[in-house]
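Please work through the exercises below with the sequence and the model open beside you. Each task is followed by a solution that goes step by step.

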Amino acid sequence: MFLKYLYAIFAAFKMNFLSLVVDGFFIFATLLMPLIYALIAFGILRDKGAHYGIFVAVGSGLAGLWTTLLFGSGNAITGERWSGTLELIAATPTPMWMIVFGKSLGVILQSLLSMVASYLLGWLVFGYPLGIAQPLEFFLVLFIGLLSFIAFGLMLAPLFLLNPQVQQFQNALEYPVYILCGFLFPIALLPFWTTPLSYILSPYWTARLLQAAAGGTLAWEQLVNESIYILALGGVYILIASVLFRIVLKKARVDATLGLQ
Amino acid sequence: MHQLITNLKLFWQGAALSYVALFSWLRPTTFLASMIIFPLGQILFFTLLGIFATGRDSASFYLIGNAMQITASAGIFGVTMAIGGERWAGTLMYLFGAPANRLTIFAGRATIHIFNGVVQVLMGLAWGLVLGWVSFAHTDPLALGITILIATFSTAALGLLLGCLGLVTLNIMFINNLVYFLLLLFSGANLPITALPQWMQYISWSLPLTRGIAAARFIVDGASLAEVAPLLVGEFFIGVGYLVAGYVLFRIFEIEAKRRGTLEAF
């Protein structure tokens with residue numbers, strides 16, 4: 001079934017990617033914002049030693065990745081409603097989630113630039129040694145983490161469409177995730193009651209593994225266990241997304257209220 | 001006298017209506033998200049990062065810096081949209097077609113956002129007190145209040161200048177986001193100005209907030225109003241400079257847009 005819709009997925013990916021690379025806000029979110037975060041974090045953490053360079057580069061990149069995902073995937077369907085094309089997409093034979101999946105791939109590809117940008121900043125501007133101690137594990141975790149990011153995006157898109165009240169909090173959702181996922185400081189600094197919230201966010205586990213792989217402290221057992229956990233969380237997000245997509249389509253086909261704000 | 005009353009009415013109506021329009025359009029939940037949750041998130045994030053880097057003793061440095069910088073949320077985003085939003089709402093030609101005094105229209109757009117910014121800074125500082133990251137035991141409240149007001153005014157003046165750019169560019173969200181985040185870097189909210197390279201320090205001192213944040217830190221540590229007066233005078237005149245530059249641009253863009261027939265052109 002997946003192969004049958006490959007062309008549609010690719011078309012959605014291509015269109016979204018080409019739209020985003022010329023969008024001022026997304027250029028800001030993927031390139032400039034992580035650089036500014038990285039500059040501030042490099043400055044604040046300067047006394048921690050040069051080995052924190054890679055920690056900052058990974059954390060700032062993940063922050064940019066999350067922001068891009070939050071706005072890119074979060075608006076993947078809402079944007080269609082704004083431009084009046086949502087009903088057309090709901091009526092096509094290609095399942096809506098596949099179109100959102102394709103669009104999310106475009107978002108993820110662009111957001112990877114934020115990781116590269118943060119990395120280059122630390123290396124070229126600050127001269128920090130940014131060698132990745134366990135490169136194979138690092139890129140494996142990155143791949144798995146991106147899959148879960150896409151699953152997260154699939155959940156956000158219909159959630160924001162169905163609950164405009166939730167989307168009002170889109171801007172406000174950036175920092176809480178940076179904090180809960182420990183992108184730039186360990187979650188041990190947070191109150192104990194917030195820990196379960198961190199545990200249900202796959203970016204937390206991704207950040208943890210990426211930072212461990214970059215620093216050379218990632219054990220094989222941790223890699224396997226936590227990667228499975230990331231994939232399982234991704235599965236849960238997809239399950240939630242499938243329920244939400246069903247509600248979206250019902251609103252489109254039965255209630256005819258999809259286009260209404 | 002009649003002219004003065006008319007201008008005052010215009011000033012107030014412009015201020016109130018642009019503010020109500022902004023948040024009615026965005027709904028109360030956006031107000032809650034952008035005025036309470038977003039600032040709290042920023043304050044928590046940078047203060048925790050600072051605590052992680054240098055210990056709990058440095059918490060007040062980051063808390064005061066970010067609580068003060070939060071005023072840019074109202075001063076930059078709010079004011080920019082109050083001016084630049086006229087174009088998106090399709091009301092720009094009515095605004096420029098009206099015989100109303102331009103200065104009252106222009107300055108009125110920022111007024112309530114200044115009040116908004118002051119409230120946001122106070123809430124940020126209150127969060128710090130609740131979390132035990134800052135103590136106001138030696139603080140002169142009047143001096144702190146004046147500092148917050150002046151810093152908020154100068155930031156809103158920068159917002160007015162950026163709002164004018166919103167009249168001629170489609171990328172205003174790019175511009176105001178960039179300026180907001182650059183203030184995080186250059187204003188001394190998170191990094192001591194003296195730790196920045198010399199060329200960055202020149203930029204820092206030409207921006208609003210830099211002197212206001214420094215003054216707020218001194219006042220919380222027990223300095224008097226007289227001791228921080230030079231910083232506050234500097235902050236005020238930086239604001240006046242941006243206000244004048246914004247007003248001049250506003251007039252130039254109006255004249256140019258009318259001459260070229262590009263008021264509503266995107």
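**Exercise 1.** In chain A, where is confidence lowest and where is it highest?

*Solution.* This is a predicted model, in which local features need pLDDT of at least 70 and side-chain atom pairs count only at pLDDT 80 or more, whereas totals for chains, interfaces and linings use all residues. Residues are numbered from 1 along each chain as its sequence is written, chains are lettered from A in the order in which they are written, and side-chain values use heavy atoms, with hydrogens and water left out.

Begin with the average: chain A has a mean pLDDT (the predictor's confidence in each residue, from 0 to 100) of 84, and 92% of its residues score at least 70. Then go to the elements, where helices are DSSP runs of H or I with at least four residues, numbered from the N terminus. The lowest confidence in chain A falls in α8(A), at a mean of 67, and the highest in helix α10 (residues 195-199) of chain A, at 94.

**Exercise 2.** Describe the interface of chain A and chain B.

*Solution.* First take the area: the two chains bury about 3100 Å² between them, 81% of it on carbon and sulfur atoms, where buried area is the accessible area (1.4 Å probe) lost on putting two parts together, summed over both. Next, ask which helices of chain A take part: α2 (24-44), α3 (52-72), α8 (164-167) and α9 (174-180) each supply at least two residues of the side that touches chain B. The largest share of that side, 12 residues, comes from α2(A). Finally, sort the residues of this side of chain A, which divide into 24 nonpolar, six polar and two charged, with Ala, Val, Leu, Ile, Met, Phe, Trp, Tyr, Cys and Pro counted as nonpolar, Asp, Glu, Lys and Arg as charged, and the others, Gly among them, as polar.

**Exercise 3.** Find the salt bridge counted over all chains, and state what it ties together.

*Solution.* The rule asks for a side-chain nitrogen of Lys or Arg within 4 Å of a carboxyl oxygen of Asp or Glu, and the count comes to one over all chains, with zero between chain A and chain B. The partners are Glu226(A) and Arg208(A), at 2.7 Å from N to O. Glu226(A) lies in helix α12 (residues 220-255) and Arg208(A) in helix α11 (residues 202-215) of chain A, so the pair ties together parts 18 residues apart in sequence.
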